[in-house]
Amino acid sequence: MSGLLDGKLALVTGAGRGIGFATALAFARNGARVLLNGRSVERAAEAAKLICETVPGADVRPLVFDVTDSGAVKLAFSEVHKEYQGLDILVNNAGVLKDALVGMASEQMFQEVMGVNLSGTFKCAQFAARLMARAGSGSIINISSIVGRYGNAGQSVYAASKAGVIGLTLSLAKELAPANVRVNAIAPGFIETDMIASVPEEKRRAIIDGIKMGKMGTAEDVANAAIFLGSELSSYVTGQVLGVDGGMTI
Amino acid sequence: MSNADKLKQAFVEALQVNSSVITDSLAYEGIREWDSVAHMQLVAALEEAFDIMLDTDDIIDMSSVAKAKEILARYGVAFNR
């Protein structure tokens, strides 16, 4: 197997479906050993099986833990440390999307969205940074969102969590650059995944009309950006927020 | 090498100081060399030396050499008195 990520060890959170799964698959295709994180044992195992069927010889393994559970995150990273003595790439993808007008956003919803999208991202980055800084190299890729940069009516909580991810990315990039650990974010636009399956057709059409390239993106489009940021192609790139949005914001 | 020697060496490497400086009473930010950046290097050195992964709370609590020994003991690293 040969590719842009040959021999690298990557951990992808929320790898069971959507952008996470596409990224894990793309990484495996490019020669990376991939740890597939998810909360569900069955889904992570199914994702691993699918990748192995698609990419013969792929070296993938489920790593089941909940990114909101500090103890579980620590245990998972300890396991990675013990088993592999390091980590080359972390893709912080695990996320939840909940929409609500500001007057109808409950405290519980706020905590849930922040807990997964921001707190979970922070916890994983915190442990990954330690493994990577010790090795003197690594790439952390945080999946943000176009709404984290530009906002969206009805998504104040989700947008706040994703804006937080950008602030976290920029700060970590500054803090970890001396250790040769790069930290970047990807801000996907309107991507065809299960997460947006519930968007009504009329609204979907209106959004697509606002995209300069006239179409929705795919999870593979985002995965390709992750390959770039995880590989040596981006060895001098850190602290960037890469929009993958078909020109939605220009 | 004894655990005490390993500990001392981790401190020496991380803080870039002479080993004579490393006494139980040496405290975080007690000398210029033991700042927050060096503290994270110290954590890495200790984790490497003893093949452990410290909890974030323990990293924050590691306020002196004596405290480091106390914390490491909870990870099964014994120091002879």
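Student: In this predicted model, which residue is the bridge partner of Leu9(A) in β2(A)?

Tutor: Arg33(A) is the bridge partner of Leu9(A) in β2(A).

Student: What makes β1(A) and β2(A) a pair?

Tutor: Pairing needs at least two bridges between the strands. β1(A) and β2(A) have four bridges, in the parallel sense, so they count as paired.

Student: Why is strand β2 of chain A described as largely enclosed?

Tutor: Strand β2 covers residues 33-38, and five of its six residues are buried, so the rest of the structure largely encloses it.

Student: Why is Ser231(A) called buried?

Tutor: Buried means under 20% relative accessible area. Ser231(A) has 1%, so it is buried. Its place is the loop between α8 (219-230) and β7 (241-244) of chain A.

Student: What does Ser231(A) touch, not counting residues up to four places away in sequence?

Tutor: Ser231(A) touches Leu4(A), Leu5(A) and Arg182(A) on that count.

Student: How do you know that the side chain of Ser231(A) makes a polar contact with the backbone oxygen of Phe228(A)?

Tutor: The side chain of Ser231(A) reaches that oxygen at 3.1 Å.

Student: Which residues form a nonpolar surface patch with Leu4(A)?

Tutor: Phe228(A), Leu233(A) and Leu242(A) form the patch with Leu4(A), and together the four have about 330 Å² of accessible area.

Note on methods
Residues numbered from 1 in each chain as written. Chains lettered and ligands numbered in written order. Predicted model: local features only at pLDDT ≥ 70, side-chain atom pairs only at ≥ 80, totals over all residues. Heavy atoms only, no water. Patch = residues over 30% accessible without salt bridge, like charges linked within 9 Å, V, L, I, M, F, W, Y side chains within 5 Å. Areas by Shrake-Rupley, 256 points an atom, 1.4 Å probe, with all protein chains shown as cover. Salt bridge = Lys/Arg side-chain N within 4 Å of Asp/Glu carboxyl O. Helix = DSSP H or I, 4+ residues; strand = E, 2+ residues; numbered from the N terminus. Buried < 20%, exposed > 50% of the residue type's maximum accessible area, 1.4 Å probe, protein only. Polar contact = N/O pair within 3.5 Å; in protein donor to acceptor, adjacent residues only side chain to side chain. Contact = heavy atoms within 4.5 Å.
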